[in-house]
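Please read the report below alongside the sequence and the model.

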Amino acid sequence: MSHFTRRHASLAMIAALAACGRSGSSGVNTQAAARPIPEFKRYFGPPVTQVVVYKSQRRMHLISGTTLLKSYDFGLGNQPIGHKQFEGDGKTPEGLYFVDRFNPRSRYHLSVGISYPNDQDKAYAAQFGRQAGGDIMFHGRGPEGNVFAPKNRDWTAGCLALTDQEIEDVYAMLQPRTPVMIYA
């Protein structure tokens, strides 16, 4: 005969909370949930083994081994010179990061996140009693960017902005943990 244990109660509670989270009324961003998921491009070429970004040239390269696969121009944060140090500084980070997430419902069409801030970035900001910031992405323009980008190439809060068509390619080509090297 089985007994109802704490473990059973815990599992039941987790299941109940998970069900509540799907209801749409518990803090889910209904605007994001209402946004349709775009059709995804598929990529069947060689794997991207690294992304190399040159901020001063506004040029990004997707590389497989020693082979250049694709290159793109992009816009930066609204304060494009220097390494991102603090939340809200409008700068784009410099250094080695990794692809760590994908957002098919981004307000900027699609987005691919990088692992900023790392432990070093957090420690630097903390010594000044500040936050390092976060949510640094490769992303498209979306409606907001289509207004800002024609007037000012560097319009983001620190992200790297491509056209909507270009981010569709990048989104299809990148995989989690792909290294991203960002140079000044």
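The sections below take up the basis of the model, the sheet, and then the salt bridges.

## Basis of the description

This is a predicted model, in which local features need pLDDT of at least 70 and side-chain atom pairs count only at pLDDT 80 or more, whereas totals for chains, interfaces and linings use all residues. Residues are numbered from 1 along each chain as its sequence is written, and side-chain values use heavy atoms, with hydrogens and water left out.

## The sheet and its helix

Helices (H or I, at least four residues) and strands (E, at least two) are DSSP runs numbered from the N terminus, and two strands pair if DSSP finds at least two bridges between them. On these terms, 8 strands form an open sheet with mixed pairing, in the order 3-2-1-8-4-5-6-7. Its edges are strand 3 (67-73) and strand 7 (160-161), each of which pairs on one side only.

Within the sheet, strand 4 (residues 95-103) and strand 5 (residues 111-114) are paired in the antiparallel sense over 4 bridges, and Asn103 stands opposite Ser111 in strand 5. Helix 5 (residues 164-173) packs on the sheet, touching strand 2 (59-64), strand 3, strand 4, strand 5 and strand 6 (137-139), where contact means heavy atoms within 4.5 Å. The direction of helix 5 makes about 145° with that of strand 3; axes are lines fitted to C-alpha atoms, for helices over the stretch in contact, and angles run from 0 to 180 degrees between N-to-C directions.

## Salt bridges

A salt bridge is taken here as a side-chain nitrogen of Lys or Arg within 4 Å of a carboxyl oxygen of Asp or Glu, and by this rule the count comes to 8. One of them joins the side chains of Asp73 and Arg59 (3.0 Å, N to O); Asp73 lies in strand 3 and Arg59 in strand 2, so the pair ties together parts that are 14 residues apart in sequence. Asp73 is partly exposed, at a relative accessible area of 40%, the classes being buried under 20%, exposed over 50% and partly exposed in between (1.4 Å probe, protein chains only).

Arg101 and Asp135 also meet through their side chains in a salt bridge (3.4 Å, N to O), linking strand 4 with the loop between helix 3 (119-126) and strand 6, 34 residues apart. Asp135 is exposed, with a relative accessible area of 56%, whereas Arg101 is partly exposed at 25%. Salt bridges that share partners join Asp100, Arg101 and Asp135 into one network.
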